Amino acid sequence: MPAKTILIATHKGGTGKTVTAMALSTAIALSKKKCLLVDLDPQGHSTLGLGLELHEADITIREVFSEPPQPIARVIRTTHVPGLDIAPSNIRLARVAQALYMRPRREDLLKRALDAIRPQYDFIIIDCPPSLGILVEIGIAAADLIIIPCQMEARAADGLVDLLEVITLIRGEQFNAWQILLTRVDSRRTITNEAVLASLSPWKNKILKSCIPQSEPLNQAQIQRTDIYTFEPKSKGALAYQALKQEIINNGKQS
Ligand SMILES: Nc1ncnc2c1ncn2[C@@H]1O[C@H](COP(=O)(O)OP(=O)(O)OP(=O)(O)O)[C@@H](O)[C@H]1O
Ligand SMILES: [Mg+2]
């Protein structure tokens, strides 16, 4: 079966997109499924987070969108996690993204690029920048499933409607393959948690059963530029992302 492509997206900053993309793709690879992590964020946080050192001349995901484009296979590198590859990114992607607005069939650019390598992977996970711009649009067009990380704090649901509007614009009214992931959940903050859940009540059927607790090792692994399963595999955060991986695989079997 060709890879299932999962986009991790929300235009809100700092909600756990990169932590989710890294931990989920590592958990998938460690369960002996071949996974590609596509860093679609010019901040390059997934690339840095997996310890990759990029040099000026290195080819990155940017080259897949330049003219003439490079095949994505040329961009992909292995990581220290067996079974996990990455299509890295850095700030130079921001420049090329602006030029994408002028390109014909621009929305399909990433989808078409990924089609060439889809048979080689079980899952492709895409980490998005915090925006509703062109990079996120081409990510949405390429996705089989969109996970929207929602941080458990005041105003968590703000902007969700805008993101859903963009998804509908690109994929049509019938597209329903999106889910909300609650992140940085602190069970002691009962009043905040109740308020967030109330604000998400119109979409309560869209909330994934697995949720991600506030877990300091997830933060520390980012600082150490490694994945959570190398850093602290028994931590609450690591276990939560393992449960998320299982839920996604099980949901995939049912559909
Ligand atoms: N469950 C968690 N527990 C503790 N710290 C977390 C957790 N999830 C994310 N963090 C920390 O919160 C910060 C933001 O997380 P992350 O970088 O994943 O967000 P993001 O949505 O990718 O941000 P951006 O919008 O800038 O791309 C990081 O410092 C990260 O280490
Ligand atoms: Mg990020």
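Predicted model: local features only at pLDDT ≥ 70, side-chain atom pairs only at ≥ 80, totals over all residues.

Visitor: How many helices and strands does the chain have?

Guide: There are 11 helices and seven strands. Helices (H or I, at least four residues) and strands (E, at least two) are DSSP runs, numbered from the N terminus.

Visitor: And how compact is the chain?

Guide: Its radius of gyration is 17 Å, close to the 18 Å from the globule rule for 255 residues, so the chain is as compact as a globular protein of that length. The radius is taken over C-alpha atoms, and the rule is 2.2 Å times the number of residues to the power 0.38.

Visitor: How much of the chain is buried?

Guide: Buried residues are 42% of the 255. A residue is buried if 20 or more other C-beta atoms, placed from the backbone, lie within 10 Å of its own, exposed if 12 or fewer, and partly exposed in between.

Visitor: Which residues touch the most others in the largest nonpolar core?

Guide: Leu7, Ile8, Cys35, Ile124, Ile125 and Tyr241, out of 68 residues in that core. H1 supplies the largest share, eight residues. Such a core is a set of buried Ala, Val, Leu, Ile, Met, Phe, Trp, Tyr and Cys residues joined through C-beta atoms within 7 Å.

Visitor: What is Cys35 in contact with?

Guide: Beyond its neighbours within four places in sequence, the contacts of Cys35 include Ser25, Ile28, Leu84 and Phe123. Contact means that the two C-beta atoms, placed from the backbone, lie within 7 Å.

Visitor: New topic. What surrounds ligand 1?

Guide: 21 residues do, and the closest are Gly13, Lys17, Thr18, Val19 and Pro130. To be near the ligand, a residue must have its C-beta atom, placed from the backbone, within 6 Å of it. Helix H1 (17-30) and helix H9 (216-223) are the elements that give two or more residues to this shell, and H9 gives the most, with four.

Visitor: What is worth noting about phi?

Guide: Most residues other than glycine have a negative phi, and most peptide bonds are trans. Arg105 has a positive phi of about 50°, and that of Arg184 is positive too, near 55°.

Visitor: Where is Arg105, and is it buried or exposed?

Guide: Arg105 lies in the loop between H4 and helix H5 (109-115). It is exposed, because 9 other C-beta atoms are within 10 Å.

Visitor: And Arg184, buried or exposed?

Guide: Arg184 counts as buried, because it has 22 C-beta neighbours inside 10 Å. Its place is in the loop between strand S7 (178-183) and helix H8 (190-199).

Definitions and conventions:
Residues numbered from 1 in each chain as written. Chains lettered and ligands numbered in written order.
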